[in-house]
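Have the sequence and the 3D view ready.

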Amino acid sequence: MRLSTRHLLGIKNLTPNDIELIFQTADNFKEVLKRPIKKVPTLRDTTIVNLFYENSTRTRISFELAEKRLGADTINFVTSSSSVSKGETLIDTAQNILAMKVDMVVLRHSASGAPHFLSNHINAAIINAGDGTNEHPTQALLDAYSIREKLKSLKGKKVAIIGDIMHSRVALSNIYCLKKMGAEVTVAGPPTLIPKHIDSLGVHVTYNLKEALEWCDVANILRIQLERQNMPLFSSLREYSLFYGVNKALLDSLKKEITIMHPGPINRGVELSSDAADSHHSIILQQVENGVAIRMAVLYLLSGKQEV
Ligand code: CP
C-alpha cells in the first residue's frame, strides 16, 4: 500500500485511505518503540534534513527521534546559525543542502505555503512541519491517532477545538483530518478568534465554552498565538482566561467525562489551568508519545521503502 501523494504538504489533499494507512503503519512502529531496542534499519540509506525556520520543541525533537529510530542520517538546520541571516533564499538553501545528497526535507516555516512553494522547485520528498497559519499535518495525524487510541474509533466522535482558531494551523489540519475520518467537529472561542465562514468546512460554531464542553467527547484546547496577532483581538489574557480558560472545576461541573488535549506549548493559566492539564482527563503526553510513531510512519511511507 502506498500514499496517494509524494509529499505531505497538508491534510487537505490526503484521502481517508491515506490517513488509515498512516495510522496502521504507526501501530506497527508503536510496537517497535516498546521494544528494548527501539530502532529498525528501515531508512538506513536515507538522509533527512530538518529545516526549521521557526521555533519548535516537540515537532523538531519528535522528527529527529523518528528519523533516528528508523536508522536514517539526520541533519538539523536552525536559521539563526545559518546563512539565511546573510540573505540566502529558501530555494537556494534547500538546493545547496540537496546537492550534498539529502533525500527528504522536513520544513517548518512562518510563511503559509512555503512547503508547497518548495515542492515545485526541488526534487525531494517534503514534509510540512507547520507553515504559518495554514497547516500542521503531522500534529493533526497524531491528534486523531491519539483520539482513535483512547476512544477506539473516530467515526461519530464529537471533538471541540477551542481557542484561537483564527491563527491556528493545528485547527485547520485537525478539522480536515477529523472530518475525513467521520468525526463531528465544533469550534469554540471568542468571535474575534474564529474565522468568518469556517462553517463552510462542515464544523459547528459556538462562542460559549460550556456549551462546547457539554457537547463534546474530546476538547482540543489551543494556545493563544500572541506572536501572530498584530492587533488586540480580546481585551486581556485575564479576561480571555475567565471566559474561555478550561480548568478542573469546569470539567468537574460537566455531566460526563471528557478527554482533554493540547498540541503544546501550553500557556498554563491562560487557555488551560495546570489542574486540568495534569488531571486524569488529559492525554497531552500521550499525544507527544504518539507523535514519534506517526512521524516514523509518514517518513517511511514517503521514503518509497515498503518493508517495516
Ligand atoms: N505542537 C507543536 O507544534 O509544538 P512545537 O512548536 O514545540 O513544535
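The lining of the largest pocket divides into four nonpolar, nine polar and seven charged residues (Ala, Val, Leu, Ile, Met, Phe, Trp, Tyr, Cys and Pro count as nonpolar, Asp, Glu, Lys and Arg as charged, and the others, Gly among them, as polar). This is a predicted model, in which local features need pLDDT of at least 70 and side-chain atom pairs pLDDT 80 or more, while totals for chains, interfaces and linings use all residues. Residues are numbered from 1 along each chain as its sequence is written, and side-chain values use heavy atoms, without hydrogens and water.

**Largest pocket**
- Of its 20 lining residues, Arg 108, Arg 169, Arg 223, Gly 264 and Pro 265 lie nearest the centre.
- Helix 2 (58-69) and helix 6 are the elements that give two or more residues to this lining.
- A pocket is an open set of points on a 1 Å grid over the protein atoms alone, with protein on both sides within 12 Å along at least five of seven lines; lining residues have an atom within 4 Å of a point.

**Largest cavity**
- Among the residues that line the largest cavity are Arg 58, Gln 139, His 262 and Arg 295.
- Helix 11 (284-303) is one of the helices that supply at least two lining residues, and its share, four residues, is the largest.
- A cavity is a set of grid points where a 1.4 Å probe fits but cannot get out.

**Helix 5 and helix 6**
- The axes of helix 5 (residues 137-151) and helix 6 (residues 169-180) come within 8 Å and cross at roughly 50°.

Notes: Axes fitted to C-alpha atoms, helices over the stretch in contact; angles between N-to-C directions.
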